[in-house]
Amino acid sequence: MEYFFEIHKDLPREGPGNNETTRKAFFFLKDLPSHPLILDVGCGTGMQTIQLAKLIEGKIIALDNHQPFLDQLKMSAEKEGVVDKIETVNKSMFSIDFDYDSFDVIWSEGAIYIYGFEKALVDWKRLLRKGGYLVASEFSSILPDLPKEASNFLKEVYPDIKTITQNLEIIRKAGYSLIKYLHLPKSGWEDYFIPIEARTSDLKKKYQGNKGASDVIDAELREMHLLRKYYEYHDYIFYILQNK
Ligand SMILES: C[S@@+](CC[C@H](N)C(=O)[O-])C[C@H]1O[C@@H](n2cnc3c(N)ncnc32)[C@H](O)[C@@H]1O
């Protein structure tokens, strides 16, 4: 984990995504109160938290269980002039204990899979006020008949991946209305990959001859290579849902 966190520390984001798609998804949320309360689950270093803070007059609770990411988020929020709208909370998403019906929006980019998409939809619903929204980006299958290399890779990294159709059924069963689903554009992947590529190239030099570090760096590069190569088979999908 030491080398993993050295790769990921103070990156602009910790998963695929970009401000353009955060904004696009946000604008589907209609009739929010003038000062909405948003819970950002698995916020990481908070690119999307800061973008959301720029779009609202309310408050965002940014929850993550890795303090260095939260510290980085605070620093960036300060630079961007939105620190007063953000409260960071170091807590596991598995022990969320906020009041029921308290949030206007629950937002989670690239992190809902940690809790499990289906289980999160069910368990987090009670935190949303009626008519509130849940917006989550979830890695989803797009094309069937994956080449063997891609399916082996998926078995390693996300054996529970579902198709969009399967996720829409999960959404229906959990009692949400689907407002819209959006594909993350390729640029959203590259905004995540490019800083990692630069970081791994520096660390490769720093850790020459260190097998432990090289294994972690190579695993990260391999994941990036395969995600790029089989890009058209799966994508991050933003599911924009409303609590009926
Ligand atoms: C793939 S990153 C996504 C981060 C951010 N949303 C983004 O898109 O840049 C997943 C995040 O979930 C956090 N995380 C992992 N396990 C967690 C848990 N049990 N509770 C809260 N956060 C967790 C990680 O620290 C990391 O910041």
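Which residues do ring pairs link into a cluster? I looked this up first in the predicted model: the cluster consists of F139, W189, Y192, F193, Y231 and Y236.

**Aromatic pairs.** I counted 17 aromatic pairs by the rule applied. One of them joins Y115 and W124, a tilted pair with 5.2 Å centre to centre and 50 degrees between the planes. I noted that Y115 and W124 are both buried. I also looked up Y230 and Y233, an edge-to-face pair with 6.1 Å centre to centre and 65 degrees between the planes. Y230 has a relative accessible area of 8% and is therefore buried. Y233 is at 17% relative accessibility, so Y233 counts as buried.

**Nonpolar cores.** I found 48 residues in the largest nonpolar core. L29, I86, W107 and F139 have the most contacts inside this core. For I86 I listed the contacts, leaving aside neighbours within four places in sequence: T49, I50, A53, I60, A62, L73, K74 and A77.

**Cavity.** I searched the whole structure and found one cavity of 30 Å³ or more. The volume of the largest cavity is about 30 Å³. I recorded its lining as K186, W189, E190, F193, L227, R228 and Y231. Both α9 (186–206) and α10 (211–229) supply at least two lining residues each, and α9 gives the most, with four. By class, I noted four nonpolar and three charged residues in the lining, and no polar ones. W189, F193 and Y231 belong to the lining and also to the ring cluster with which I began.

Conventions: Residues numbered from 1 in each chain as written. Predicted model: local features only at pLDDT ≥ 70, side-chain atom pairs only at ≥ 80, totals over all residues. Heavy atoms only, no water. Core = buried A, V, L, I, M, F, W, Y, C linked by side-chain atoms within 4.5 Å. Buried < 20%, exposed > 50% of the residue type's maximum accessible area, 1.4 Å probe, protein only. Contact = heavy atoms within 4.5 Å. 1 Å grid on protein atoms, 1.4 Å probe; cavity = no way out; pocket = protein on both sides within 12 Å on 5 of 7 lines; lining within 4 Å. Points joined across faces, edges and corners; volume = space filled by probe spheres on them. Nonpolar A, V, L, I, M, F, W, Y, C, P; charged D, E, K, R; others polar. Phe/Tyr/Trp six-rings, centres within 6.5 Å; stacked < 30°, edge-to-face > 60°.
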